[in-house]
Amino acid sequence: MHNAPSVSYPVGRCAFQAWLFVGLNLFTSAVLVAWALHQGLGFVWCAAAAAFAIATYLGWQALRYAATLTWDGQVWCLHDQSSGQVDALGEVHVALDVQKALLLRWLPASDTLQAKPQWLWLGLQISDNRWQDLRRAVYQRSEM
């Protein structure tokens, strides 16, 4: 069996993620407005609105995340451009695949690294051939 080709792909520039973020924010805003109109503003509504504001901020930060995920034929490497941390080796697991976007769970190879497990959004970019190489690498089964 041959290994998937080496590939580097940008993380965090995913249109599907952005549309999902906007859609969920619009839906949640509509629910909060309807709730306020029908039952008024109370403590529970304020707590829900505060939770929504925090979730929106965290979602916005996730949209701004920039990294590069690299497969060299043997191991995955995540180069986090937003925090400036050292490149970290790890593994990826597919959580969601909608053909033009992937949601991956990245796990560091060692507990001694400062890297933490992360959710990574990858979207079909301009380079269609790199997207197919990435998908081959993600779905490749290791030989053991």
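**Exercises on a predicted fold**

From the N terminus on, the chain's elements run β-α-α-β-β-β-β-β-α, with helices (H or I, at least four residues) and strands (E, at least two) taken as DSSP runs numbered from the N terminus. This is a predicted model, where local features need pLDDT of at least 70, side-chain atom pairs count only at pLDDT 80 or more, and totals for chains, interfaces and linings use all residues. Residues are numbered from 1 along each chain as its sequence is written, and side-chain values use heavy atoms, leaving out hydrogens and water.

**Exercise 1.** Work out how helix α1 and helix α2 pack.

Step 1: grab the geometry. α1 (residues 15-39) and α2 (residues 43-63) pack at an angle of about 170°, with axes 11 Å apart. Axes are lines fitted to C-alpha atoms over the stretch in contact, and angles run from 0 to 180 degrees between N-to-C directions.

Step 2: classify. The two helices are therefore roughly antiparallel, a label for angles over 145 degrees.

Step 3: check who meets whom (contact: heavy atoms within 4.5 Å). Phe 21, Leu 32 and Trp 35 are among the α1 residues there, and α2 brings residues including Trp 45, Phe 52 and Trp 60.

**Exercise 2.** Find which residues touch the most other members of the largest nonpolar core.

Step 1: define it. Such a core is a set of buried Ala, Val, Leu, Ile, Met, Phe, Trp, Tyr and Cys residues joined through side-chain atoms within 4.5 Å; buried means under 20% relative accessible area (1.4 Å probe, protein chains only).

Step 2: pick them out. Of its 21 residues, they're Leu 69, Trp 76, Leu 104, Leu 120, Leu 122 and Leu 134.

Step 3: trace the suppliers. α3 gives the most, with four residues.

Technical notes:
Buried < 20%, exposed > 50% of the residue type's maximum accessible area, 1.4 Å probe, protein only. Parallel < 35°, antiparallel > 145°, perpendicular 65-115°, else oblique.
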